[in-house]
Amino acid sequence: MPAEGGGEVSGQGAGRIEVALPTAAAERLGLGTGARLTLTDRLGGPKTDVEVTGLYRPTDTAAPYWRLDDLAGRGVKRGGFTTYGPLLAAPGVLTGGGVSAGSSGWLAAADFSGVTAEETDALREAARGGVAWLRERPELSGSTAATTALPDVLDRLDRSLLVSRSTLLVVALQLALLAGCALLLVARLLNAERAGEQRLLLARGASRARVAGLAALESLLLAGPALVCAPLLAGPLTRLLAGQGSLERIGLRLDVPAWGGGGVWLAALLAALGCALAVTVPALASSLSAGGRARALPAPLRAGADLGLLVVAGVAYWQLSRQTSGAVSGGTTGALGIDPLLVAAPALALLAGTVLTLRLLPPVARLAERRAAGGRGLTSALAGWQLSRRPTRGAAPVLLLVLAVALGMLAVGQGASWQRSQDDQADFRAGAPVRVLASGTAGPGRTESYAAVEGVREVAPASRSALPLSGDRTATVLALDTEHAARTMLLRPDLSAEPAGDLLAPLAAGGRAAGATVPAGTAALGVTATLTRTDPGTVPDTGTGAGTEAGAEWGTAAADVTVTVRDAYGTPFRLRAGELPADGRRHTLDLDVTGGPLTLTGLELVTAQPRGHAHRLRLGLAELTATAPDGTVRRLPTPRSWTASVRGAAAVASPDPSTGPTKPELSTSGPPAVGYGTGYIPDDLPWVSGAVTLRLDVTQPAPPQLTAVATDRYLDSADARVGQRVDVALGGHSLPVRIVRAVRALPGTGAPDGTDAADGSGATDQDGGALLLDLRSVNRVLQAEYGEALAPTEWWLRTSTGGASGAAEALRGFPDLEASQVVVRDELAEELRDDPFGAGPEAAFAAAAGVAAALAAVGFAVSATGSLRERRAEFAVLRALGAPRRRLARTVAVEQGVLLALALLVGAALGTVLARAVIPLIVLTPQAAHPVPDVLVALPAARVAFLLAAVALPPLLVSAALALGRGDPAVALRDQGGEAR
């Protein structure tokens, strides 16, 4: 905490208390070190003399220390009144009796950096137990309160951790599926390589168990090194991943054991066992028969296994789409856990779609056979003949590629959609680039002061209220200055059938208020008026208090005067001008004003209602003046057309209607003047008191019909429809409103955390949707009907490009605003993107896409190698018959290209379909809720193209290298082993 001045505060000296003052307070009060003040104790104690011996400035107002300060370390806070401080004094000052002692507080902070996820339950119980123990201590009994928010924070963290783990499990299960497919492909190729040897061993008397034992030994030679290396590589690879992308941006450091950890070794062991079984089990089914021509489809698919898997995946998807609990499910004990359906459904859909593509191979094989029969060239004939003769040979690599491309598309789409969803949530929660929430009562000039901040291009004041509906539901009513909000509102295109400008245009009320224009920069507004009692037989009071008998009783009473002005944004403000004596004299009432320009639209006089007999008063408005800061007084033109109304407000209504105020009589020429009767309170009602209110308003255009934009949820909750009129409570009055538009959702009307439900449904049962009206139109109606107005409760600000942060910093420097009252869209988006519970899965998405491409490349390369080795003798015969090497290479390229193109095309289509179907169901907020607004699936073309290129290029290069390899045909022709024939 930087300080300047005379060093430490020593306490009291020469009867004065030495204090340190915040720099912000000193600057506003014009004080420095050495200044002496006399303070009045608001708790009733004696006055206190203080001397400022130093100034201080908080280093970080977000530090826990400043939570004990009512001003949060800001030094100045403006609300109904302005507070400065705190003054720092020596500890003995509070115990010396010189000042009154207020409340005391203690703040306990702890370091939770060493707490693990497994220890949160114990920490939660310890926090609750500690607070309960403090409350039971006799030293802290009575008015002392002990509170902690730690259990609630831990509950949210546990929920966020479940969401993060479930997302990672979704990715992990899909990668395990792809890795299993690649493993089965390699095992199938190894079994094909050993088939001849196994038949030879069986023919010479070896048992199947002996053959399987040899295969198991071979599999251990393959799985053993992987079992040892994989856990040791897991730590470095994880740290490498954490050093990239979002994890590196937020500075997250993963503490991964160098040896991998027990869970990693267990996973590696299970994977190694799976590898061994995949290689060994086919050896147990080996036989002496070499088999005939392969069928177009494997036996399980001919039995309809793929269709059954598709049905299972469809049921899982249907169940997942009906769920409202996000990633969290409750067990029988009530504990929260990961929803297995959320984890399994995407993998089932991916597997079902991939396996279903195998049914495309028979049509492709028949097409290739017709092409081979009708073609003339060797390349197309050989390629078509090979594909038609053995269609299942390409089934495994095609299946692997389709699975890899679809998984990569899902990973790319999930990562991009998650990023887009964070931006969409920030837009929806903020509603505008910057939104300022009200503190205290807003007066004229507030909107102009925000508009004058550097970087702010447009300001739209707004008023927010709640509207109770049936079924214990509550709707949000947002009255917004739609004229200035058209380019400010961050409305996502899919939420409305038309852009924000066209949506808000029908709501705006055209025209400006009529009245006396108060120039910008006016320091004081003067209202010169007379209030005269004109009862028959009563003479004006000459200052002595004399008059008639009734005049002596009431003739010098004063009326409370309130002036109504509107700012440039059409918002009315009621400003108290003071008291106007009913003595018939001219009195000038001055009231301080800020901002501008303003428009004076009316006056209101409130007088006490007399008892026993009515009085008659006449109000005359002589002139209006505007005083500049330099003292220059300027007379303002007085509007010519006025309206007057009067009403009485008694605690108990009199049964005699003649006791009420009379209709006002407005002069038709000269300065505005109005006469009216006050009515009276009967003498037989001594307990009743009443007041008479006279309104003198400048004639305004007829108020517009109120129209509104409603969300779909409001229409459902209120059982309303577009075009219908509904009654809406605004400013304490029920106003008819016609709904002219419907939208899916309105920005700025959701819950503060971006979700509308803890259960993940996107809306609570109590959420009744939202209504959007024009604030200027609402205030025109309220002014015309009731003389009242809706004061702004928030302001929506449009900033220049890149100017939001600077504008927010300037706004947070206002003495009447706290940092939390300035909502910045970019800060919300950064906070959402930098959430570690979301950054981890985001990094996993990118890694999954890379791993999918790598596994597909390796699997396809191994398949191509095995296929070429199997056809070595065939190519040797063709070479011996004079076939050129390049033509044979083109044949191989055509075969592999057809398979590769088919796999890429089907995989991309399948990935696109699955991404658009599955991603909206599995992208969740940290609180396990579906985001608001709904997730829009994003598949960036550049990333998809890079993925397809990364998957296709390695197989093409491997196939070309193998096809162009120089082999000796004589050696291949002399080779009598294997399957070549």
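Colleague: Among contacts between residues at least 6 apart in sequence, what percentage join residues at least 24 apart? After that, walk me through the place where helix H5 and helix H7 come together.

Modeller: Keep in mind that this is a predicted model, where local features need pLDDT of at least 70, side-chain atom pairs count only at pLDDT 80 or more, and totals for chains, interfaces and linings use all residues. Residues are numbered from 1 along each chain as its sequence is written, and side-chain values use heavy atoms, leaving out hydrogens and water. Your percentage is 78%, with contact meaning heavy atoms within 4.5 Å. The protein has 981 residues, and 45% of them are buried (under 20% relative accessible area, 1.4 Å probe, protein chains only). It has 26 helices and 30 strands (DSSP runs: H or I, at least four residues, for helices; E, at least two, for strands).

Now for your pair. H5 covers residues 208-242 and H7 covers residues 262-284. Their axes (lines fitted to C-alpha atoms over the stretch in contact) come within 8 Å and cross at roughly 155°. The two helices are therefore roughly antiparallel to each other, a label for angles over 145 degrees between N-to-C directions. H5 passes H7 in a right-handed crossing (the near helix is turned clockwise from the far one by less than a right angle).

So who touches whom? From H5, the contact includes Arg 208, Val 211, Ser 219, Leu 227 and Pro 231. From H7, it includes Val 264, Trp 265, Cys 275, Thr 280 and Leu 284. By class, this contact has 20 nonpolar, two polar and one charged residues. Nonpolar here covers Ala, Val, Leu, Ile, Met, Phe, Trp, Tyr, Cys and Pro; charged covers Asp, Glu, Lys and Arg; the others count as polar.

Conventions: Buried means under 20% relative accessible area, exposed over 50%, partly exposed in between (1.4 Å probe, protein chains only). Axes are lines fitted to C-alpha atoms, for helices over the stretch in contact, and angles run from 0 to 180 degrees between N-to-C directions. Angles under 35 degrees count as roughly parallel, over 145 as roughly antiparallel, 65 to 115 as roughly perpendicular and the rest as oblique.
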